[in-house]
Amino acid sequence: MNPIPKISFRQINKLAIPAIISGIAEPLLSITDTAIVGNIKINPTEALAAVGIAGSFISAIVWILAQTRSAISAIIAQYLGAGKLKEIKHLPAQIIGINVLLSLSIYLVTVFFAENIFVLYNADGMILEKSVSYYKIRALGLPLTLFVFSVFGVFRGLQNTFWPMVISITGASLNILLDFMLVFGIEDLIPALGVEGAAWASVIAQLVMALFSLVLLLRKTPFSLKIHLPFHPEIKRLLSLSLNLIIRAISLNIALYLANAYATKYGAHHIAAQTIAFQIWLFFAFFIDGYSSVGNIMSGKFLGEKNYHKIWKLSRQLNTYTVFIALLLGAVCFAFYSEIGQMFSKDEKVLSLFKGIFWIVILMQPINAVAFVFDGIFKGLAEAVLLRNTLLAATFLGFIPVLLLGDYFDLGLYAIWIAFFVWMMLRAGILLVVFQRKFSLKP
C-alpha cells in the first residue's frame, strides 16, 4: 500500500492564514462595537446589553443565510478538482441572486416586527428601545453581508482565501475608524450617536466590502453576475445542501437565542457579562475557523480527485494545528484574565460575573477546535445531512436539557456555559466517530 501523501504545513497555511484574518474580521466588528459601546458615558450597561441582544439576532440571521457560502465552496471545489469548472460558469450568479432576494425579504419582515422579536429575548425598557434602534439600522447591511459571504464562497471554492482576506481587512479597519467617529462623535463636526453610531459604522463598512467584492468577483474569477436561465442542474443539489445547512444553523441559533434570553432574564448585568464572554468565544471560533475553512476548501477538491487518503491526512494535520492554537489562545487568556474583561466594561458587577464564567470559555477551546475542523471537512464533502443531524442532537439532547437543569438549580450564567460545553462535546464527538468509521479504512 502506498504511503499517505503528506500535505505540507506551508500549503495548509497558505490557505489558512488569510482565512483566519478574513474570519476574525466579522467578530472583530462585533467586539469593537461591544468594547466601544460598553465605554460610553450614559447608561453603558444598558447600551452593552442592547448591542449584545441585537447583535446576537443579526449573527443568527447571517449564519443561517450564509450557509450557501459553504455549499457554493464545496461544489466549486469539487468541479475544480475534477477539472470541469466551465460546466458551472453560470451557477454562482444564480445562487447569489437567490441569496440577495432572500435577505431583502427577511430584512423587511424582521424590521417590521423588531420590537416583538426583542421582547422574546426578555428585553424591556431602555434595553428594548436601544435594541430596536440598533437593529433597524444595522439590518440594512444584511443583503450586503450575504452578497459578500457568497463571493467569499466562490473564492474559497477556487482555493483562494487571499482576496476574502483583503476585503475583510478593509471592512474591519473602516468599521473600527467609523465606530470611534460616530459613537463618540467629533467636536463641532459629528455629533455623538451612541448605539446608533455603532450600527451606522457597520452598515457603511459592509457597503464598502460589498462593492469591493463585486469588483474582485468580476476581475479575479471566471464567473460573472449575469443570470442565465434556465437554472443550472446543480442548483437543486446546491439548494438541498444549503437547506440542510440552514436547518443546522437554525438549530445552532436556537441554542444561542436561549443563552441570550436566559441571560437577559437574569438581569442587565448578566446579559452584559454574557455579551462579553460570547464575543470572545465567537472571536476564538472564527480564528480557528480559518483552519476549518481549509478543511472545507481542500476536502472538496480531494473528493473531486477521489483522493481519500489525502482527506484522512488532512483531518489529522488540521486537528493537530487547531488544538495547539486553541491551547495557545487559552494560555494567553489565562495570563490576562482580569485585563480582558476591563477592555469591555468598568462595571464591577459585570466584571465579576464575566470573570466567574470566563474559565469555562477558555477550557472549551480545544474541544471547539476538533468540532470546527470536522465541520469544515464534512461541509467540503457535502455531507450536509450529517451536519444537520449532529447539530439537532447536540442542541435538543445536550444543550437545552443541561440549560434547563442548570436554570432549575439557579446556576445563572454557569448554566449557560456548562450547556455550551456539553453542546460542543457532542458536536466534536459525533463527527469524530463518524469520520473515523467513514475514512480510516477507505481504500
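Predicted model: local features only at pLDDT ≥ 70, side-chain atom pairs only at ≥ 80, totals over all residues.
Local features are taken up at pLDDT of at least 70 and side-chain atom pairs at pLDDT 80 or more, while totals for chains, interfaces and linings use all residues. Residues are numbered from 1 along each chain as its sequence is written, and side-chain values use heavy atoms, with hydrogens and water left out.

Helix α3 covers residues 67–81; helices here are DSSP runs (H or I, at least four residues), numbered from the N terminus. The expected span of a helix is 1.5 Å times one less than its number of residues, so the 15 residues of α3 should span 21 Å. The end C-alpha atoms of α3 are 22 Å apart, which agrees. Of those 15 residues, 13 are buried, that is, under 20% relative accessible area with a 1.4 Å probe, protein chains only. Just after α3 comes Gly83, with a positive phi of about 70 degrees.

Next comes the core. A nonpolar core is a set of buried Ala, Val, Leu, Ile, Met, Phe, Trp, Tyr and Cys residues joined through side-chain atoms within 4.5 Å. The largest one has 144 residues, and Phe118, Tyr135, Trp281, Phe399, Trp417 and Trp423 have the most contacts inside it. Helix α11 (residues 268–305) gives this core its largest share, 18 residues. Phe399 counts as buried, at 0% relative accessibility.

On to the rings. A pair of aromatic rings is described by the distance of the centres and the angle of the planes. Rings of Phe, Tyr and Trp (its six-membered ring) pair if their centres lie within 6.5 Å; planes under 30 degrees apart count as stacked, over 60 as edge-to-face and the rest as tilted. The whole structure holds 27 aromatic pairs. In one of them, Tyr337 and Phe358 are tilted, at 5.2 Å centre to centre and 50 degrees between the planes. This pair links helix α13 (residues 337–342) with helix α14 (residues 348–363), its members sitting 21 residues apart. Tyr337 is buried at 17% relative accessible area, and Phe358 is buried at 0%. The rings of Phe399 and Phe420 have centres 5.1 Å apart and planes at 55 degrees, so this pair is tilted.

Technical notes: Helix = DSSP H or I, 4+ residues; strand = E, 2+ residues; numbered from the N terminus. Buried < 20%, exposed > 50% of the residue type's maximum accessible area, 1.4 Å probe, protein only.
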